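Please look through the sequence and the structure shown here, and then follow the report section by section, finding each residue in the model as it is named.

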Amino acid sequence: MSEIDLRAIRPEDSDALAEFHERLSPESQYFRYFSSHPHLLARELHRFTEVDGHDRAGVVAVLDDRIVGWAEYDRIGDSTDVEIAVVVDDAFQEHGLGTRLVAWLADHAASSGFTTLVANTLPDNRRMRLLMHDLGLTATTFQDGVVRVCIPAPAT
């Protein structure tokens, strides 16, 4: 199998991101969006791929010109915190790809001056909670049915 490459998301990734999303299981889509979300809308694709690289950034994992993982962050207000989201193709889950995507985001966020990554996940999202555990994060808060984890950005 070819090497999986990580790179910043680009506007021309819109169609590939839509195809990636369509391949996700309904469960993976639900865990990513906290609701049923079978298709990405044009405005979502625009928002996800047209990022400024500072307050909003994204990374894709690419294998043979196909997206197999995607993560993003959005700045929370005027703070030095960013909220992250990550989703990996079902066939590639539990092999460390999510950890690689989060590490890329953490490095990018730190180099942009952000200090904390915030991840929200549903309590029954075992894979995301495993990813957080693999990152060494055990301290979480639980509010309104959502598990919140704060990840310090690495020192630059």
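## The loop between H2 and H3

Phe34 lies in the loop that runs between H2 and H3, in what is a predicted model. Although Phe34 is not a glycine, it has a positive phi of about 65°. Its relative accessibility is 31%, and it therefore counts as partly exposed, since that class lies between the cut-offs of 20% and 50%.

His37 is found in the loop between helix H2 (26-33) and helix H3 (42-49). Is His37 buried or exposed? With a relative accessibility of 16%, His37 counts as buried, because buried means under 20%. If its neighbours within four places in sequence are left aside, His37 is in contact with His21, Gln29 and Glu44.

## The loop between S2 and S3

Asp65 belongs to the loop between strand S2 (56-63) and strand S3 (66-75), and this residue, which is not a glycine, has a positive phi of about 65°. At 77% relative accessibility, Asp65 counts as exposed, because the cut-off for that class is over 50%.

How many of the six residues of S5 are buried? Six of the six are, so S5 is largely enclosed by the rest of the structure. Thr116, Val118 and Asn120 point one way from the strand, while Leu117, Ala119 and Thr121 point the other way, and all of them are buried.

S5 pairs with S4 in the parallel sense over four bridges, and within this pairing Val118 of S5 is the bridge partner of Glu83. Together with H4, these strands make a right-handed β-α-β unit. S5 also pairs with strand S7 (residues 146-152), here in the antiparallel sense and over six bridges, with Asn120 standing opposite Arg148 in S7.

## The largest pocket

Rolling a probe the size of a water molecule over the atoms shows where empty space is left. The largest pocket in this model has a volume of about 710 Å³. It is lined by 34 residues, and of these Val86, Val87, Val88, Asn125 and Met128 lie nearest its centre.

Which kinds of residue make up the lining of the largest pocket? They divide into 14 nonpolar, nine polar and eleven charged residues. Several helices and strands each supply at least two residues of this lining, among them strand S4 (81-88), helix H4 (97-111), strand S5 (116-121) and helix H5 (126-134). H2, H3 and S3 likewise each supply at least two residues of the lining.

Terms used: Residues numbered from 1 in each chain as written. Predicted model: local features only at pLDDT ≥ 70, side-chain atom pairs only at ≥ 80, totals over all residues. Heavy atoms only, no water. Buried < 20%, exposed > 50% of the residue type's maximum accessible area, 1.4 Å probe, protein only. Contact = heavy atoms within 4.5 Å. 1 Å grid on protein atoms, 1.4 Å probe; cavity = no way out; pocket = protein on both sides within 12 Å on 5 of 7 lines; lining within 4 Å. Points joined across faces, edges and corners; volume = space filled by probe spheres on them. Nonpolar A, V, L, I, M, F, W, Y, C, P; charged D, E, K, R; others polar. Pairing = 2+ DSSP bridges. Right-handed = clockwise from strand over helix to strand, strands pointing away.
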